[in-house]
Amino acid sequence: MSSVFASPQENGWQKWKAVWARNEALSLLVLLAGVIALFMVIEPTMRKSSVYWDLLRQVSPTMVAAVGITLLLLSGEFDLTVGSMLALTGIVIVDTFNRTDNMWLGILAGLLTGLVIGAINGTFVTVIGMESLMTTLGMMFAIRGLVYVYTNQTPIVDQNRFTQFTRLWFKNFGPVPSPIIVALVLVALAYFLATRTEFGRNTYAIGGNANAARVSGINVRRVKFTLFVISGLMASVAGLLYTAQTDTGYFNAGLGFELEVLAAVVLGGASLAGGQGNVTSTALAVLIIGTIGKGMRLMSIDTTQQLLVIGIVMLIAVYYHRIRKQTAARLTQEAYAARQAARGNVLA
Amino acid sequence: MSAEISTPARSVGASGQSSLQDFLRRLFGSQEGVLFLIVAVLWLYLMSRSDVFFTQRNIGVMLSQVSMIAITGFGMTMLMIAREVDLSVGSMQAFAGVTAMQALNESHSLIVGLLAALAVGAIVGAINAGATLGLKISSFIVTLAMMQIVRGLAYTSTNAAVQNEHKLASFKKVFNGAFIENPVRIPNPVLTMVIIFIIFGLILSRTTFGRSIYAIGGNPEAAALSGIPVNRIKAICFIITGMLAALSAFMLIARMNSGQNNAGFGFELQVIGSVLLGGASLAGGKGTLVGTLLAAVLLGTVNNGIVLLGYNSNWQTAVVGLMILTAVFLDTMRRRMTGQS
């Protein structure tokens, strides 16, 4: 009980601990730095900067989709359609290319797909009142199935070979790959939306307590509907980037992508119950998972065995979050007790 | 949440009415009833459209395929009633199967192979329980991680598949044989499914243990305060789910005649889809084995019907999705009309 009388701020170590515990993004940054440092020590190729630019290119579709899901999850709703969306968007884009010979129409059609699917999901959940996890699980199978039916399980190749389109994936601005620029712009927009606007505050409020939010005059349905549309749109942007990589619409694209994205979101500290989490943390979590995958590939660890490591890392990371949150809560309590003690309030 | 406020027992209002009305009310008033109706209509339709559908052979094959999802689904139902979930059952199809086939090849004994599968299931279930309940991390996340870990273990233990090197005659009969031939031939997987359905159905509805599961899912704090050993019961549910998933895996390797390390990809979502379709909820406290069974049969019938009626089999995935959407839609409308929230 001696710690009760020592204000945490007096001790240098304690002070840093408090900063770490109270800042989620910072704690993830520490984790990311640790992972990178570890790989730099054991794998010499991980010391090259080109590896990291490459990594940023590869994680960008996941980052875009994960940010959309994070915003939606803040309000307490799920979207499992992102994996199927990756396939659908690719098919729609390349098919429109082939039918219209116009690149911009194809891209537009791809984005429109996300908008429409997001709106359908949103209508099911907010207008009819269906549960989002179940609804988007159904939509996930329905979309994937329609892709199978439409393509008859054969890839659709871009006959025009729009090299301009593939630049979306391969072009570099200096050392910076273009897809990560798209991703970071969207992360920044999402960050702004979540933290600096009324819409963002309403989203957090709904996730914290939907009934309280409704009673205090927030239009819960409209906010959730908008979030579904945003999530759909983000998924189609991820599909756009993914498709630019091969210039081909694959019917099997993004199988299991929804769980991969969800893993990153959860690693970023978002709560599945809603109300907790933030966009920056999700982006950092995507980087952490990406770095581990990249590092293991460079160490030529079998792709299949990487799953094992990623699973273990996920468990450790979630536990790390728990400890951090507990530390934050304890520090707050101790600071409160110390303040009360300083005032001579013994009962506290 | 207002969802906690339940309507008074419906049978009270129905007491004065005729038994037909009462029957109809029950049929439309529950997820199981609606599912039963859909399955019945679908079966009648398929019988009228195809001569092959209602034959002993076709129904047997269809239900054999359903049995793997249903058996895993029974465990998952108990777990989801207790407000937990297990996403690792798909990877389990691979890992338990691969391990069992290796054990079969080493031992040339069916029992040892089966025990190896069940042991893998129990261990993975225990790890899921330990991480969820001990470290207090959401089971969704724990089992999402375990899904990767178990899949990784399956990949590590074999490059592609473990072939059948033991050539046990009894092994093939696990999936293709029938212990009961008369008066109707009941394939072994279907028999297993029925036995497990009865055992766990009785446990869930007739024992303190079963009632405790519902109590925990309905309100964990209240259950704990009233002396129910919450963690122990949840742990048992995790282990049961793991073992039933492993049993499905054993039937799968008998069907494939090899233990494949990429088996069961996406299986977890099919199982969870069936359980949710059967009336369970992620929020816990709800769900029955009958519902899960009917949902699994429904999805199996749809797949079977698509093939029998000569439609493009690419429609199967889409129709599964549309069935889930329809069921959720009907359930939502039903609850709106009966005033449940």
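Which residues line the second largest cavity?

**Entry 1, the ground rules.** I am working with a predicted model, in which local features need pLDDT of at least 70 and side-chain atom pairs count only at pLDDT 80 or more, while totals for chains, interfaces and linings use all residues. I count residues from 1 along each chain as its sequence is written, with chains lettered from A, and side-chain values use heavy atoms, leaving out hydrogens and water.

I looked up its lining (residues with an atom within 4 Å of a point on a 1 Å grid over the protein atoms alone, where a 1.4 Å probe fits but cannot get out), and I found Gln31(B), Val34(B), Leu35(B), Ile38(B), Leu277(B), Ala327(B), Leu330(B), Asp331(B) and Arg334(B). I noted a volume of about 50 Å³, a volume being the space filled by probe spheres set on the points, which are joined across faces, edges and corners.

I found 41 residues of chain B in contact with 41 residues of chain A, contact meaning heavy atoms within 4.5 Å. Between them the chains bury about 3800 Å², 80% of it on carbon and sulfur atoms, where buried area is the accessible area (1.4 Å probe) that two parts lose on being put together, summed over both. I then saw that Leu269(B), Asn314(B) and Leu325(B) supply 16% of the area that chain B buries against chain A, more than any other three residues.

Key: On a 1 Å grid over the protein atoms alone, a cavity is a set of points where a 1.4 Å probe fits but cannot get out, and a pocket is an open set with protein on both sides within 12 Å along at least five of seven lines; lining residues have an atom within 4 Å of a point.
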